[in-house]
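Please look over the following protein model before reading the report below it. The text begins with the terms it relies on and then turns to the sheet, a hairpin and the chain as a whole.

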Amino acid sequence: MKDLVICIVVVAALGLLWLMSGGYNRAVENRVNVSVTDSNGNTVSGTNQNSGATSGQTQARSTNTQNQTPVDENPNLSAAQYSSVSNKSPYFKLITLTSANSWDTKPEGEYLTLNTAYTLKKNIVITGWTIHSLQSGRSVVIGKAVFLPTSQAIGNAGEDLIVMRPGDKAYVVSGRAPTGKSFLVNKCTGYFTQFQTYTPSLNYSCPQISKDPLPKFPNQLKDVCLDYIESFPQCKTPIDALPQNIGNDCQNFILEHASYSKCIENHRTDADFFSNEWRVYLGQSEKLWKTSRESLELLDANGKVVDQIQY
């Protein structure tokens, strides 16, 4: 128990130091996401170095594009098979809705998916869009998210617009977020699964700590230590006592590096740091959608139809 308490204190301290050192801002700035368009055709600033985004706040600005078509010509709007659908959005069928796990009886397990077409020409803000049931009349608005979540809700203060890019996917879960906020998945969020449950499960493939920068001579780690960290499991923060034979230096290295905050520090500038997957939580305390004989529609910010499904 004493070792567990020490480990938790060390991890918390590292996380605090990371936040104080501006780790959040630096990671968000590396999200390459320059120009996006909302449903009104307005250009919204992105979250790269030139966007002015600070500490989780994406700053939006209207331009003179209000009378322009927000996306390039969408062939779905005039396709014969969709002629019966009225009030189509300019994004009609460019983002599709799927009833992935709508039969789950618990809101934390019930989810839909949104998939963005690879043919999409511009990024789309879906914050403010609505999912509406034609059967029950229920409607829920998609909110904001954090680009770079912490493992605990207390650290997720800032929020940004949810931006879907070509090929992006969003899991829209009816229940509450384990971290307190919706978020963009990154290559380190697998650490969350050690102490929290996610449906669907998060990708459990974090960078191995053996690939992190190692101490150099004369304080280099011993072979027995290197063998141990090469086999150390991914996405795991040690909660049990580490082997004594690997030495104190090795134990300290593992305690320092096997954590979400250290993973962020070492990999936030990787080109593949952010994934194309969003986890969107609607924050409901009960199941939203019917298990069967349900009709749902995805509406843009102007109430126009982006997609419709029945199951």
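Two strands are said to pair if DSSP finds at least two bridges between them, where strands (E, at least two residues) and helices (H or I, at least four residues) are DSSP runs, numbered from the N terminus. This is a predicted model, in which local features need pLDDT of at least 70 and side-chain atom pairs count only at pLDDT 80 or more, while totals for chains, interfaces and linings use all residues. Residues are numbered from 1 along each chain as its sequence is written, and side-chain values use heavy atoms, with hydrogens and water left out.

In these terms, the protein chain has five helices and 14 strands. Six of the strands form an open sheet with mixed pairing, in the order E3-E4-E10-E12-E11-E8. Strand E3 (95–101) and strand E8 (145–146) stand at the edges of this sheet and each has a single partner strand, so one side of each is left without a neighbour in the sheet.

| Strands | Sense | Bridges | Opposite residues |
|---|---|---|---|
| E10 and E12 | parallel | five | Val172 and Val280 |
| E11 and E12 | antiparallel | three | Leu184 and Trp278 |
| E8 and E11 | parallel | two | Ala145 and Ser182 |

Strand E10 spans residues 169–173 and strand E12 spans residues 274–281. Strand E11 (residues 182–186) is mostly covered, with five of its five residues buried, where buried means under 20% relative accessible area, exposed over 50%, and partly exposed in between (1.4 Å probe, protein chains only).

Another antiparallel pairing joins strand E13 (residues 295–299) to strand E14 (residues 305–310) through five bridges, and in it Leu299 stands opposite Val305 in E14. E13 and E14 form a hairpin with five residues between them, and Gly303 in the turn has a positive phi of about 80°.

For the chain as a whole, buried residues make up 49% of the 311 residues. With contact meaning heavy atoms within 4.5 Å, residues 24 or more positions apart account for 65% of the contacts in the protein chain with a separation of 6 or more. The accessible surface of the protein chain, computed by the Shrake-Rupley method with a 1.4 Å probe, comes to about 15,300 Å², of which 49% belongs to carbon and sulfur atoms.
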